[in-house]
Amino acid sequence: MEEIRRAWWKEAAVYQIYPRSFCDSNGDGVGDLNGIISKLDYLQNLGADALWLNPIYESPNVDNGYDISDYRAILAEFGTMADFERLLDEVHRRGMRLIMDLVVNHTSDRHEWFIASRADRAGPMRDFYIWKDPAPGGGPPNNWGGCFGGSAWTYDGGTGQYYLHLFTPEQPDLNWENPAVRDAVFDMMDFWFKKGIDGFRMDVISLISKAGYADGPLRPDGLYGDYTPQCANGPRVHEYLREMNRRVLSRYDCLTVGENAAVTPELACQYAGFDSHELNMVFQFELMDVDGGESRKWLRNYSWRLTDIKRVMTRWQTLLDGRAWNALFWGNHDQPRPVSRFGDDSTEENRVRSAKMLALCLYLMQGTPYIYQGEELGMTNRRFESIDEINDVYTRNAYREQTGRLGVSAEEMLRAVNYISREHARTPMHWDAGPNAGFTAGRPWIPLNPNYTRINAASQVDDPNSVYNFYRRLLALRRSSGALLYGHYELLLPESEEIYAYLRRLNGEEILVVCNFTARSAPFMLPEGWDGAGLLLSNYETPPSGGVLRPFEAAALGR
Ligand code: GLC
Ligand code: CA
């Protein structure tokens, strides 16, 4: 028998909640903690083992909570610390766990640390952030652009220096070189662990160590102003994470997942190697880049090839096997809705079929599934007629920059926004067909997708053929099988642009997964010995047969 290294976080399925858009309990149009509490039975029934909440801390909300002004306080719109403690209890009472978002590459510019840092060049807090003198000509220290547009540097007239912010100017980057910053962050993490939380998802954690900052020489300009080569996977990032692990994480039985821009499977084995004492797993973005084209950001290819998806996933599945652990996701709060992007939302039948197919294909691979709210209903992108309908700072800034300085036509940019904007993920959750989809009794903070009358939880929970109930069965199946949890992965038919087929194998148990990614029937013969194998799960009533897979057919067979 092959030894397996079991862990609860490997066997868990994580459900991601974007609190602002999940459920509003008091009619102010903003989702909140009591709203989440009211839906815990729904999540438990789905089979969620852990919930990851996007940031719920005090924040001026320039970037919807990713600009934190107090790490130890709950945003008033979301509730109180007492509400949080009740939520945590209620989650635990149902046998689930709670994962919080850790945003420590940067804070809000309203955080008391930054206020003190900015106030006094000679003060003790100055080095909490990254300050540099102007370049000889008086401009910013280098040409780095912020991820959300503009320069990554903002000048502070009061003290005559620039501070670094890889995101908006309201999100100054912390200086991890300073041991006092690390102490403060680790202390804060302890504060939440002592309350009883079960782990952290770590925002842009691969960016915390900047080459050359804070005391080294200034680094050169980036090509086209891109800071990634100097900031992603920087020189001390592993050292910092090992320190975090030693001082905090190793003392708790927790789940940790890093959001790692520019990570490769080789690097993932360092960040999340079974013996590297850093994180449990990382989110990789190669899958999210298969439709990226040259720019990887806005002006994309608007399409992808199945062989690229297979190439990426197979590399991650095989290179991490036995060494590190995968995090599996088709979407999150920064991505459009998976069924619109990788499936087909053009007809109701295709939407339902392809939503199930995508889930079966990805979540039966080796790794921990992350399901983004609404995905289990097959929620779709919403159509935006104009940039004025968009709330998100990233999308709005990019639109301005692309249609202004970069000369892209408004039409082209609106197409890009409709294809890839993260605004799609942030439209409120569809609970029922009533006013505002049951999300709020008031005026929602952001418009709903009008298709909630057709796509909603109330109509799916009791329908055995719904996407929701398919997710339930899928998660139950995964939990019940050693081969699905821990087995090795082997790709079949690598050249096919229509069919994704793979095997999972462990200690004599074998599972075959077959998925048709197209809206047409595709020729397919079961591999030898698989005729008559047991059907474990399918999105059709009958097992694959007759030498074809039907449109968006997905099945798992076992022997
Ligand atoms: C991460 C978050 C994103 C946020 C950014 C800055 O990418 O997922 O939502 O805007 O970091 O914190
Ligand atoms: Ca509310």
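## The second largest pocket

In this predicted model, the second largest pocket holds about 340 Å³ of space. Its lining is made up of 20 residues, and those closest to the pocket's centre are Trp9, Asn245, Phe274, Leu279 and Asn280. How can such a space be found at all? Rolling a probe the size of a water molecule over the atoms shows where empty space is left.

What kinds of residues form the lining of the second largest pocket? By class, there are 9 nonpolar, 6 polar and 5 charged residues.

## Around ligand 1

Now turn to ligand 1, which has 14 residues surrounding it. The closest of them are Asp63, Asp203, Glu259, His333 and Asp334.

For Asp334, the distance from a polar side-chain atom to an oxygen atom of ligand 1 is 2.4 Å. In the side chain of Asp63, an N or O atom is 2.6 Å from an oxygen atom of ligand 1. Arg422 also takes part, with a polar side-chain atom 3.0 Å from an oxygen atom of ligand 1.

## A look at Thr168

Thr168 sits in the loop that runs between β8 (161-164) and α6 (179-195). Is Thr168 buried or exposed? Thr168 counts as buried because its relative accessibility is 3%, and the cut-off for buried is under 20%.

Which residues does Thr168 touch? Leaving aside residues up to four places away in sequence, Thr168 touches Val62, Phe148 and Val393.

Notes
Residues numbered from 1 in each chain as written. Chains lettered and ligands numbered in written order. Predicted model: local features only at pLDDT ≥ 70, side-chain atom pairs only at ≥ 80, totals over all residues. Heavy atoms only, no water. 1 Å grid on protein atoms, 1.4 Å probe; cavity = no way out; pocket = protein on both sides within 12 Å on 5 of 7 lines; lining within 4 Å. Points joined across faces, edges and corners; volume = space filled by probe spheres on them. Nonpolar A, V, L, I, M, F, W, Y, C, P; charged D, E, K, R; others polar. Helix = DSSP H or I, 4+ residues; strand = E, 2+ residues; numbered from the N terminus. Buried < 20%, exposed > 50% of the residue type's maximum accessible area, 1.4 Å probe, protein only. Contact = heavy atoms within 4.5 Å. Near = heavy atom within 4 Å. Polar contact = N/O pair within 3.5 Å; in protein donor to acceptor, adjacent residues only side chain to side chain.
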